[in-house]
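Dear colleague,

Please find below the structure that I am handing over to you. I would be grateful if you could look through it alongside the notes that come after it.

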Amino acid sequence: RLMRLVKHGRRLMSALRSEFENTRVIMRIVWLLLVLVIVNHFISCAWYSIGMVDTYDVRWTSFFSEDDTFAYKYATSFHWSVTQFTPASMEVTPANLLER
């Protein structure tokens, strides 16, 4: 009986180990995606800040209207940031020397 219990215990531990490995891989992927979102957040905030500098008359933020919300402006900046990491394109482009 004791040998049977040890045998089943080993099977259980083997099954749990593979389950933990799958969970570890999923958590690693989630962690990498979270880091990517955080990095894109900081890049998009910097991109928006550069666009708000009054050094030049023409800026990438000039196309925003008075009615556009901050959420729309942030989403546009975040979208631009994401497109810098992927082969996607974006209609927002640098408009002056500082933004380039």
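The following paragraphs set out what was found, from the chain as a whole down to individual residues.

**Overall description**

Please bear in mind that this is a predicted model. The protein chain contains two helices and zero strands. Its length is 100 residues, and 18% of them count as buried. The accessible surface amounts to about 8,200 Å², and carbon and sulfur atoms contribute 65% of that area. Among contacts in the chain with a separation of 6 or more, 60% are between residues 24 or more positions apart.

**Helix α2**

Helix α2 covers residues 70–85, 16 residues in total. From its first C-alpha to its last the helix reaches 23 Å, close to the 22 Å expected at 1.5 Å a residue. Which residues of α2 are buried? They are K73, T76, S77, W80, S81 and T83. Viewed down the axis of α2, these buried residues fall within an arc of 165°, and they therefore line one face of the helix.

T83, one of the buried residues of α2, deserves a separate note. Its relative accessibility is 7%, and because buried means under 20%, T83 falls in that class. A polar atom of the T83 side chain lies 2.6 Å from the backbone oxygen of W80. Setting aside neighbours within four places in sequence, T83 is in contact with A88, S89 and M90. T83 and N40 are 43 residues apart in sequence, while their C-alpha atoms are 9.7 Å apart in space.

**The pairing of W47 and W80**

The structure holds four aromatic pairs. In one of these, the ring centres of W47 and W80 are 3.9 Å apart and the ring planes lie at 5°, so the pair is stacked. Planes under 30 degrees apart count as stacked. The pair links distant parts of the chain, with W47 in helix α1 and W80 in helix α2, 33 residues apart.

Are these two residues buried or exposed? Both W47 and W80 are buried. For W47 the relative accessible area is 4%. W47 can also be placed relative to Y74: the two are 27 residues apart along the chain, and their C-alpha atoms are separated by 9.8 Å.

**S49 in helix α1**

Helix α1 spans residues 2–51. S49 also belongs to this helix. In contrast to W47, which is buried, S49 counts as partly exposed, at 45% relative accessibility. S49 and T61 are twelve residues apart along the chain, with 9.6 Å between their C-alpha atoms.

**The loop between the helices**

Where is R59 found? R59 sits in the loop between α1 and α2. Two backbone oxygens are reached by the R59 side chain: that of G51 at 3.2 Å, and that of V53 at 3.5 Å.

Y56 is partly exposed, with a relative accessible area of 31%. How far apart are Y56 and L98 in space, C-alpha to C-alpha? The distance is 8.5 Å, although Y56 and L98 are 42 residues apart in sequence.

**Points to look at**

- the stacked rings of W47 and W80;
- the face of α2 lined by its buried residues;
- the contacts of T83 with A88, S89 and M90;
- the side chain of R59 and the backbone oxygens of G51 and V53.

Yours sincerely

Note on methods
Residues are numbered from 1 along each chain as its sequence is written. This is a predicted model: local features need pLDDT of at least 70, side-chain atom pairs count only at pLDDT 80 or more; totals for chains, interfaces and linings use all residues. Side-chain values use heavy atoms; hydrogens and water are left out. Helices (H or I, at least four residues) and strands (E, at least two) are DSSP runs, numbered from the N terminus. The expected span of a helix is 1.5 Å times one less than its number of residues. Buried means under 20% relative accessible area, exposed over 50%, partly exposed in between (1.4 Å probe, protein chains only). The arc is that of the directions from the helix axis to the C-beta atoms. A polar contact is a pair of N or O atoms within 3.5 Å; within protein, one must be able to donate a hydrogen and the other to accept it, and residues adjacent in sequence count only if both atoms are side-chain atoms. Rings of Phe, Tyr and Trp (its six-membered ring) pair if their centres lie within 6.5 Å; planes under 30 degrees apart count as stacked, over 60 as edge-to-face and the rest as tilted. Contact means heavy atoms within 4.5 Å. Accessible areas come from the Shrake-Rupley method with a 1.4 Å probe; for residues, only the protein chains shown count as cover.
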